[in-house]
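These are my notes from one sitting with the model.

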Amino acid sequence: MNATHEDEALLERLRAICAEVDPVPDLVFQAARAAFTLRRLDAELAELVLDSADEPAGAVAVRAAGLADIRMLSFTAGPLRVELQVTERDNGRHLVAQVIGVELAAAALETETARRELDTDDGVLIVEQVPAGRIRFHLSTRPGPDYVTSWIQL
């Protein structure tokens, strides 16, 4: 049965009334988001093994002379290694990841609210204008398993 324009308008009014009279608590939203992330329990976790943000400021400055806005991260799981470079640009982040040790079939960048499918050109993943917040990569390999990186805060 197709909803008419009037039905949609009525539903929108009811949503607004419910949101005002009895809004959904933040804890419920957080629990729903956490449950949503469990939908890929069969994927192997690629754990964060290196984050340049955790190094002393002097160590980064010596190695990156003048490039303090670049963050380097590494993830590993079995044969998989992901080397990620995060650069802050124009109110967003520019991500370049190199996936090593596996052949990618598909890749996506996940945030807490969205999923962006990525081109997998020779294992290089490039993502422009990523807002601040938590992210992770979901990687499908051929013929092997799926991998997800641990969540990181940008």
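Entry 1, terms and the core. I took a nonpolar core to be a set of buried Ala, Val, Leu, Ile, Met, Phe, Trp, Tyr and Cys residues joined through side-chain atoms within 4.5 Å. Buried means under 20% relative accessible area, exposed over 50%, and partly exposed in between, with a 1.4 Å probe and protein chains only. The model is predicted, so local features need pLDDT of at least 70 and side-chain atom pairs count only at pLDDT 80 or more, while totals for chains, interfaces and linings use all residues. Residues are numbered from 1 along each chain as its sequence is written, and side-chain values use heavy atoms, with hydrogens and water left out.

Which residues of the largest nonpolar core touch the most other members? I found Leu84, Leu95, Leu109, Leu125, Phe137 and Leu139, out of 24 residues in that core. Strands S2 (70–77), S3 (80–89), S4 (92–100), S5, S7 (124–130) and S8 (134–141) are the elements that give two or more residues to this core. S3 gives the most, with four residues. Strands here are DSSP runs (E, at least two residues), as helices are (H or I, at least four), numbered from the N terminus.

I then listed the contacts (heavy atoms within 4.5 Å) of phenylalanine 137. Leaving out residues up to four places away in sequence, phenylalanine 137 touches Leu84, Leu95, Ala97, Ala108, Leu109, Leu118, Leu125, Tyr147, Val148 and Thr149. In soluble globular proteins, nonpolar side chains tend to be buried together.

S5 and S6 run antiparallel and are joined by four bridges. Leucine 109 has arginine 116 in S6 as its bridge partner. A hairpin of three residues connects S5 to S6. Threonine 113 sits in the loop between S5 (104–111) and S6 (115–118). I noted threonine 113 as exposed because its relative accessible area is 69%. Its C-alpha atom is 9.7 Å from that of isoleucine 135, 22 residues apart along the chain.

I searched for salt bridges (a side-chain nitrogen of Lys or Arg within 4 Å of a carboxyl oxygen of Asp or Glu). The whole structure has eight.

Aspartate 51 pairs with arginine 71, with the closest N and O atoms 2.6 Å apart. This links aspartate 51 in strand S1 (residues 44–51) to arginine 71 in S2, 20 residues apart. Both residues are buried.

Glutamate 110 and arginine 115 form another salt bridge, at 2.5 Å between the closest N and O atoms. Buried or exposed, which is glutamate 110? Glutamate 110 counts as buried because its relative accessibility is 3%. Arginine 115 is partly exposed, at 34%.

Glutamate 110 also meets arginine 136 in a salt bridge, 2.7 Å from N to O. That pair ties S5 to S8 across 26 residues. I put arginine 136 down as buried, since its relative accessible area is 8%. Through shared partners, salt bridges join Glu110, Arg115, Glu117 and Arg136 into one network.

Serine 150 lies in the loop between S9 (146–149) and S10 (152–153). It is buried, because its relative accessible area is 18%. Its side chain reaches the backbone nitrogen of leucine 48 at 3.4 Å. Beyond four places in sequence, serine 150 touches Leu45, Ala46, Glu47, Leu48, Phe75, Ile135 and Arg136.

Terms used:
Polar contact = N/O pair within 3.5 Å; in protein donor to acceptor, adjacent residues only side chain to side chain. Pairing = 2+ DSSP bridges.
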